[in-house]
Amino acid sequence: MTGVIIDARINEYTSRDPNPNVPWSPEEIGEAARACREAGASIVHYHARDPETGAPSSAPELYAAAAREIRARCDVLIMPTLGAGQIPDLDDRFGHIEVMAKHARSRADLVPLDFATTNLPMLVTELDGGPALVGDDLYYLNSVGMLKELARRTRAAGAVPMAACWNVSSLRLLSAFLATGVFDEPCYAELFCTEGGLLAGHPGTRAGLEAFLACLPEGRSVCWAIACYGANALPLAELAIERGGHVALGLGDYAYPELGDGRPTNADVVAAVAERARAAGRGVATPEEVRAILRA
Ligand code: ZN
């Protein structure tokens, strides 16, 4: 069994309350990547944020600057988001990856494609008036045609597409993409459980993960990683490590008050996975090993 691939999901669009260690600026992203690499991560996934306010940004220069800051410090694989799943125009969605690809120092290694068109409702329970369902108009728009085109553009940008799977039908689509050559084998896929009120993924429970695992593409070479938005992913990480899988997690998904002084860094979270990987006798994969597996 190979070493555990750890993808550090360092910031998403998460606020610094309650955990102030969420990186925003390119320098902070670079520094978080370096520390995560040292702790055992082989991939870093980030979203560009306004360096002062932390507001979501789609500025290609911020994406490229963050990649340069990462590459100046370490050899981790770089996986920026495509973000903005509601943008139907692929030029707008993919533009920053193409800008990044103009220079080797800022090129993306992996690009995540969301394998579902899905609603993104949140069940909010802490409101005075009782539970409420919010986000009526939030959704990811990812037609099969869009995904094929994004996979093609990803390769043209010198990167490898990653399958972000939200449910069992995402896995069926991945199987079809592998059968028809849209994706190459071995491929890397992240299986998304969602908690904290987000209803789009599988529940972040053993049953939620097992449902994914029961439906992995048969006879195909898929490196799968568990991800859990909105909850502590470490229990699922233990199960994934035991089952030959990999782990994607970080402060972008959850603040991890259970660790250390209650305000861990991304590297502390990665270290908690690496410790479990070593205890299970697998250890962690290096970026070099991941590049060799995925030809990234
Ligand atoms: Zn993301």
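The model is predicted, so local features are reported only at pLDDT of at least 70 and side-chain atom pairs only at pLDDT 80 or more, while totals for chains, interfaces and linings use all residues. Residues are numbered from 1 along each chain as its sequence is written, and side-chain values use heavy atoms, with hydrogens and water left out.

**Overall build**

- The protein chain holds nine helices and 12 strands, where helices (H or I, at least four residues) and strands (E, at least two) are DSSP runs numbered from the N terminus.
- Its radius of gyration is 18 Å, close to the 19 Å that the globule rule gives for 296 residues, so the protein chain is as compact as a globular protein of that length; the radius is taken over C-alpha atoms, and the rule is 2.2 Å times the number of residues to the power 0.38.
- Along its principal axes, the C-alpha trace of the protein chain spans about 50 × 45 × 40 Å.
- Of the 296 residues, 53% count as buried, that is, under 20% relative accessible area, with exposed meaning over 50% and partly exposed in between (1.4 Å probe, protein chains only).
- Among contacts (heavy atoms within 4.5 Å) between residues at least 6 apart in sequence, 71% join residues at least 24 apart.

**Helix H6**

- In helix H6, which covers residues 206-213, the buried residues are Gly 208, Leu 209, Phe 212 and Leu 213.
- Seen down the axis of H6, these buried residues fall within an arc of 135°, so they line one face of the helix; the arc is that of the directions from the helix axis to the C-beta atoms.
- The exposed residues Arg 206 and Ala 207 are carried on the face of H6 turned away from its buried side.
- The cover over the buried residues of H6 includes strands E9 (160-165), E10 (187-194) and E11 (222-229), together with helices H5 (168-179) and H7 (234-242).

- Val 44 lies in strand E2 (residues 43-46) and is buried, with a relative accessible area of 0%.
- Leaving aside neighbours within four places in sequence, Val 44 is in contact with residues including Asp 7, Ile 10, Ala 33, Ile 70 and Met 79.
- Val 247, in strand E12 (residues 246-249), also counts as buried, at 0% relative accessibility.
- Not counting residues up to four places away in sequence, Val 247 touches, among others, Val 4, Asp 7, Ala 225, Ile 241 and Val 273.
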